[in-house]
Amino acid sequence: QIKELFVSFEDTPLGAASLAQVHKAVLQDGRTVAVKIQHPKVQAQSSKDILLMEVLLLVVKQIFPDFEFMWLVEEAKKNLPLELDFLNEGRNAEKVAHMLKNFDFLKVPRIYWELSTRRVLLMEFMEGGQVNDKAYMERNGINVNEISRNLGKLYSEMIFVNGFVHCDPHPGNVLVKKCPASGKAHIILLDHGLYQVLSESFRMDYCRLWQALIKADMKRVQKYSRRLGAGDLYPLFACMLTARSWESVNRGIDRSPVSASEDVEIRSNAAAYLPQITQLLNNVPRQMLLLLKTNDLLRGIESALHTRASASSFLNMSRCCIRAVSTYQRSKSHSLYRRAQISLTEALSLWQINLYELFLWLKGSQLGNWVIALLSWMHHST
């Protein structure tokens with residue numbers, strides 16, 4: 001009974017979704033917890049839902065032969081049972097917390113295993129403002145650019161370095177809070193039911209594709225897009241990944257933020273190229289589907305915070321790609337000299353990024369303006 005386990009239990013849920021709802025409670029020993037409870041009959045109903053989805057999609061496919069959304073059924077069959085197992089969610093939470101333990105700004109709720117089951121998950125209670133709530137951050141003295149930068153670091157590390165990716169970063173699952181003791185802003189990552197595990201070959205191709213996109217190397221963009229199943233639709237694939245126009249991709253996606261006119265162009269093209277988009281989604285590896293969803297959710301957060309396409313996010317991605325590719329190359333090399341060579345190249349590449357980041361900081365700072373003015377004066381004097 002509830003009274004046997006808890007001193008208090010709030011009947012009104014903190015939040016409710018399609019599979020479960022979360023209540024705040026206090027255990028007998030005084031710990032405040034979040035109790036995630038699966039809705040009754042969801043487990044039994046889910047198999048019927050998937051069957052109904054499959055039948056409806058087959059009917060639509062018969063009427064419209066070009067309809068290419070059967071992958072939805074495959075993904076639902078694979079992911080829904082995992083999301084319904086809350087013990088799996090708890091394991092994912094502990095794994096990602098350990099994997100990213102070097103990021104002191106990340107907080108993942110502790111799991112109380114002794115009171116958790118497949119349908120009920122007890123976690124450490126954590127609260128904060130939603131990650132897209134700019135007004136909340138301003139009221140609480142939280143630096144919006146720092147949050148955006150740290151969120152980019154988290155996901156770059158998950159995708160490119162570890163290949164274990166939290167795939168549901170909608171604002172309700174990503175909270176921010178300023179620590180009263182240290183004054184640091186924390187990112188709280190919730191709902192660990194949906195993860196994508198990336199194979200090594202996929203992760204390396206994806207790393208190299210993003211390196212090519214950041215460097216505006218169109219030959220390599222084409223090469224690695226094709227390796228990831230895009231075929232002749234690689235320009236569309238590059239635009240979908242970056243949420244930028246093809247002109248911006250060619251110019252360099254780190255050169256300038258998204259303009260209002262480009263945003264309108266992207267939206268109108270999304271409707272115009274719907275048949276090609278569905279074809280792409282049907283052809284790319286299944287690992288890519290959840291990454292595309294994750295990318296869209298992260299872009300939405302950046303848009304809400306007005307930090308979209310900032311140079312710092314691409315610099316962090318570049319660092320992670322360099323580290324990931326270098327680690328892979330060292331693991332495949334049996335020569336001590338070759339491994340040392342790879343490590344030296346890696347160190348030089350990371351140093352170049354640090355130097356470029358320093359240049360950008362100086363360029364945007366008051367000190368940088370003084371230095372530029374002084375150099376300009378000295379040039380004119382001579």
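Helix H6 (residues 144–162) lies across strands E5, E9 (174–178) and E10, and runs at about 45° to E10. Here, helices (H or I, at least four residues) and strands (E, at least two) are DSSP runs, numbered from the N terminus. The angle is taken between N-to-C directions on a scale from 0 to 180 degrees, with axes as lines fitted to C-alpha atoms, for helices over the stretch in contact, where contact means heavy atoms within 4.5 Å. The model is predicted: local features need pLDDT of at least 70, side-chain atom pairs count only at pLDDT 80 or more, and totals for chains, interfaces and linings use all residues. Residues are numbered from 1 along each chain as its sequence is written, and side-chain values use heavy atoms, leaving out hydrogens and water.

The sheet is worth a look next. Four strands form an open sheet in the order E5-E10-E9-E7, with mixed pairing; two strands pair if DSSP finds at least two bridges between them. At the edges are E5 (106–107) and E7 (129–130), each pairing on one side only. Strands E5 and E10 (residues 185–189) run parallel and are joined by two bridges. Lysine 107 stands opposite isoleucine 188 in E10.

Lysine 41 counts as exposed because its relative accessibility is 72%. Alanine 216, in the loop between helices H7 (200–215) and H8 (218–227), also has a positive phi, near 55°. With 23% relative accessibility, alanine 216 counts as partly exposed. Buried means under 20% relative accessible area, exposed over 50%, and partly exposed in between (1.4 Å probe, protein chains only).
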